[in-house]
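My plan is to look things up one at a time and jot down what I find.

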Amino acid sequence: MVMRAPDSTNVDQTAPSATNWTRTYARRVLFTDFLVLFWVVFGVQIAWLGFDSNLAANENDLRLSYTGVSLLVILLWLGALATYGTRGARVLGVGSAEYRLVADSSARVFGILAIAAFLFHLELARGYVLIAFPVGILVLLLSRWMWRQWLVAQRRSGRYSAKVLLVGSEPSVLHIAGELARSPEAGYRVLGAAVSSGRVGTLPGSDIRSYGGFDDLQTALEHSGADTVVITSADDLPPERVRELSWTLEPGRQHLVVAPSLTDIGGPRIHTRPVQGLPLIHVETPTYEGRKLYAKRAFDVVGSIVLLAALSPLLLVLALAVKLTSSGPVLFRQERVGLNGRPFMMIKFRSMVADAEDRLQELSALDRAEGNDVLFKMRVDPRVTPIGRIIRRFSLDELTQLFNVLAGTMSLVGPRPPLEREVQRYDAHVHRRFLVKPGITGLWQVSGRSDLSWSDSVRLDLFYVENWSTAGDLVILWRTANAVIRSRGAY
């Protein structure tokens with residue numbers, strides 16, 4: 001991968017600073033939050049109670065207007081969203097923290113209202129409360145999701161991002177630059193570097209400009225236009241030097257980030273704990289047993305049963321289409337390697353001619369294989385039948401793997417199930433993918449499918465193995481639907 005960073009002379013001087021754009025974005029989100037809550041709360045009030053509604057409060061029979069209650073609810077809700085930092089720059093654009101904070105703060109408003117109603121003997125209509133809060137949370141989350149799509153598009157074009165100066169050794173700078181380049185939606189745009197070697201000019205193998213060594217940091221910040229310094233690992237940068245660097249940054253406008261050498265670790269596994277001024281990062285080791293594993297299996301069983309029941313008419317149509325359009329069996333059975341390296345028989349709708357496996361060596365000898373070093377993939381495979389080309393494009397041939405999930409040899413979400421001949425070519429670390437069951441879909445499915453290089457396929461599978469969770473599985477299943485509809489990378 002070639003990492004690109006704009007030359008200082010090409011930096012967009014009109015781009016908003018980190019402080020300006022975060023404030024502008026937060027104000028816009030605040031406005032839409034207000035509109036959402038106004039429409040939802042008053043909409044539920046009018047639909048459930050009408051335009052002119054009062055309620056009795058305490059033994060004095062004090063008459064209060066539901067309009068006043070609705071206004072109070074909206075103000076409390078907006079205050080909770082602000083108090084819990086749902087519009088903070090640290091949670092925007094990537095990850096689930098923003099959505100989680102929105103849900104948590106909204107639930108607390110519900111709790112406060114329930115306590116107030118109990119203490120002051122307010123006879124609030126149950127329908128008013130039980131409809132307004134769930135609908136409000138859902139619409140808020142939808143609004144935030146729409147804003148995130150806009151923000152991601154802006155960040156991919158280089159705007160609304162932190163402008164980063166990387167500081168460290170050349171290898172660590174190149175490594176962190178590569179990781180940040182993979183996720184432009186996270187909002188870190190690399191503008192340059194200062195490296196321990198003191199190099200001035202372009203770093204080898206990249207388009208990242210180095211402005212010199214650690215003694216040239218202020219000059220590098222001025223020339224690059226960066227507002228965020230990211231410290232990568234470097235033996236030549238002792239703690240005292242990092243502390244001194246933090247003192248030279250302009251408060252509120254320039255920021256300091258320390259990037260550890262450890263990568264591909266999910267957020268829930270990371271915990272920070274300051275000890276005597278030393279920020280310790282605790283990284284939980286992944287577990288593959290116990291309650292979490294049983295929950296995954298229960299999710300697989302229930303999900304596969306529901307999907308099989310819902311998709312049974314489509315499965316019947318696909319079976320007839322395969323049977324009537326080409327000779328051979330309807331189902332294709334192939335041995336794959338699964339959990340703990342044990343082989344199992346995977347089933348799919350047949351999308352190739354009956355003697356496809358016999359012709360594999362012939363096609364491999366023609367050296368027309370595409371995709372990566374280990375997997376055999378061809379964009380135009382002559383073995384694929386006409387109906388097979390259609391069902392492969394939308395991954396319909398894989399629906400029968402729901403029976404594998406029900407039988408326990410596969411999971412709904414997991415690493416790609418490999419062939420034995422592929423496993424024989426694995427490096428030692430790749431075998432970690434066998435710590436969990438293979439899946440019908442996975443990060444590889446929603447991130448490019450057959451267009452991925454072998455290294456990217458391995459990286460995504462291992463990231464899943466190290467960080468899997470039920471919430472993550474739900475996100476991948478949601479993204480799978482979009483990947484299948486777009487049919488990008490499927491052939």
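This is a predicted model: local features need pLDDT of at least 70, side-chain atom pairs count only at pLDDT 80 or more; totals for chains, interfaces and linings use all residues.

Where is Ser-395 found? I looked, and Ser-395 is in the loop between helix H10 (386-393) and helix H11 (401-407).

I checked phi for Ser-395 and got a value near 60 degrees, which is positive in a residue other than glycine. Ser-395 is also buried, because its relative accessible area of 8% falls under 20%.

Then I went to Tyr-160. Its phi is positive too, about 55 degrees, although Tyr-160 is not a glycine. I found Tyr-160 in the loop between helix H4 (126-156) and strand S3 (162-168). With a relative accessible area of 8%, Tyr-160 is buried.

**Entry: the whole chain**

Next I stepped back to the overall numbers. I have 15 helices and 16 strands down for the protein chain. The chain has 491 residues, and 43% of them count as buried. For the accessible surface I noted about 26,200 Å², with 60% of that belonging to carbon and sulfur atoms.

**Entry: salt bridges**

How many salt bridges does a search of the whole structure find? I wrote down twelve. I followed up a few of them.

I took Asp-33 and Arg-87, which form a salt bridge with the closest N and O atoms 2.8 Å apart. Asp-33 sits in helix H1, while Arg-87 is in the loop between helix H2 (66-83) and helix H3 (97-119), so this pair ties together parts that are 54 residues apart in sequence. Buried or exposed, I wondered, is Asp-33? Asp-33 counts as buried, at 0% relative accessibility. Arg-87 counts as buried as well, at 15%.

Arg-416 and Glu-422 were my next pair. Their side chains meet in a salt bridge at 2.9 Å, N to O. I noted both Arg-416 and Glu-422 as buried.

Glu-466 is in helix H14 (residues 454-467) and Arg-432 is in the loop between helix H12 (420-423) and strand S16 (439-441), so the pair links parts 34 residues apart in sequence. Arg-432 is partly exposed, with a relative accessible area of 36%.

I also found that some salt bridges share partners: Asp-33, Arg-87, Glu-98, Arg-144 and Arg-148 are joined that way into one network.

**Entry: a charged patch**

Which residues gather in a patch of positive charge on the surface? My list reads Arg-23, Arg-27, Arg-28 and Arg-159. Arg-28 lies in helix H1 (residues 18-49). Arg-28 is partly exposed, because its relative accessible area of 33% lies between the 20% and 50% cut-offs.

**Entry: one last residue**

I finished with Val-484, which lies in helix H15 (residues 470-486). I have Val-484 down as buried, because its relative accessible area of 19% is under the 20% cut-off. I also looked up Val-484 against Gln-445. The two are 39 residues apart along the chain, and their C-alpha atoms are separated by 8.7 Å.

How values were computed:
Residues are numbered from 1 along each chain as its sequence is written. Side-chain values use heavy atoms; hydrogens and water are left out. Patches are made of residues with over 30% relative accessible area and no salt bridge: like charges are joined within 9 Å, nonpolar side chains (Val, Leu, Ile, Met, Phe, Trp, Tyr) within 5 Å. Accessible areas come from the Shrake-Rupley method with a 1.4 Å probe; for residues, only the protein chains shown count as cover. A salt bridge is a side-chain nitrogen of Lys or Arg within 4 Å of a carboxyl oxygen of Asp or Glu. Lys and Arg count as positive and Asp and Glu as negative; His and the chain ends are not counted. The place of a charge is taken as NZ of Lys, CZ of Arg, CG of Asp or CD of Glu. Helices (H or I, at least four residues) and strands (E, at least two) are DSSP runs, numbered from the N terminus. Buried means under 20% relative accessible area, exposed over 50%, partly exposed in between (1.4 Å probe, protein chains only).
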